[in-house]
Amino acid sequence: MASRAKKFLEPGSFLTQILDMVFTLLTLGAIVLAGLIIYWILQPSNRDRRSSSRRTSRPPKRVISLLNGDTATAQRLFETARSRNPGESDQWCWEKVLWDLERDRRW
């Protein structure tokens, strides 16, 4: 019985080749997983991406129209909305500015 098991584990046997393939696949999987973890760690967070995109945010035409072309006031209102609602997106802040302007114009 022992000689039979020894025969299956000899170098070059079918079982040894299968075990080598399994070990190789596990090693490659571990390398890919480590690479993905490193990539995920080095990625800038969503907050970082959102703050960098805020610098290039432009006011919608409707906001500029309501302010008679005053882009400085539009930007100031946007910055105020953003500082009062820190977790919200640029689009949400512009919609808030627009909603506030339209609300205030009803009087």
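1. Contact here means heavy atoms within 4.5 Å. On that basis, in this predicted model, Cys-93 touches Phe-78, Ala-81, Arg-82 and Glu-88, leaving aside residues up to four places away in sequence.

2. As to the overall fold, the protein chain has six helices and zero strands, giving the pattern α-α-α-α-α-α along the sequence. Of the contacts with a separation of 6 or more, 46% are between residues 24 or more positions apart.

3. Buried residues account for 18% of the 107 residues in the chain. The chain exposes about 8,900 Å², of which carbon and sulfur atoms supply 63%.

4. Eleven residues form the largest nonpolar core, among them Phe-78, Ala-81, Cys-93 and Trp-94. Two or more residues each come from α4 (61–66), α5 (71–84) and α6 (90–105); α6 gives the most, with four.

5. The structure holds five salt bridges. One of them pairs the side chains of Arg-62 and Glu-102 at 3.4 Å, N to O. This pair links distant parts of the chain, Arg-62 lying in helix α4 and Glu-102 in helix α6, 40 residues apart. Arg-62 is partly exposed at 42% relative accessibility, and Glu-102 is partly exposed at 29%.

6. Within helix α6, Asp-100 and Arg-103 are three residues apart, about one turn of the helix, and their side chains form a salt bridge (3.4 Å, N to O). Asp-100 counts as buried because its relative accessible area is 18%, under the 20% cut-off. Arg-103, at 31%, is partly exposed. Asp-104 also forms a salt bridge with Arg-103, with the closest N and O atoms 3.1 Å apart. Shared partners join Lys-96, Asp-100, Arg-103 and Asp-104 into one network of salt bridges.

How values were computed: Residues are numbered from 1 along each chain as its sequence is written. This is a predicted model: local features need pLDDT of at least 70, side-chain atom pairs count only at pLDDT 80 or more; totals for chains, interfaces and linings use all residues. Side-chain values use heavy atoms; hydrogens and water are left out. A nonpolar core is a set of buried Ala, Val, Leu, Ile, Met, Phe, Trp, Tyr and Cys residues joined through side-chain atoms within 4.5 Å. Buried means under 20% relative accessible area, exposed over 50%, partly exposed in between (1.4 Å probe, protein chains only). Accessible areas come from the Shrake-Rupley method with a 1.4 Å probe; for residues, only the protein chains shown count as cover. A salt bridge is a side-chain nitrogen of Lys or Arg within 4 Å of a carboxyl oxygen of Asp or Glu.
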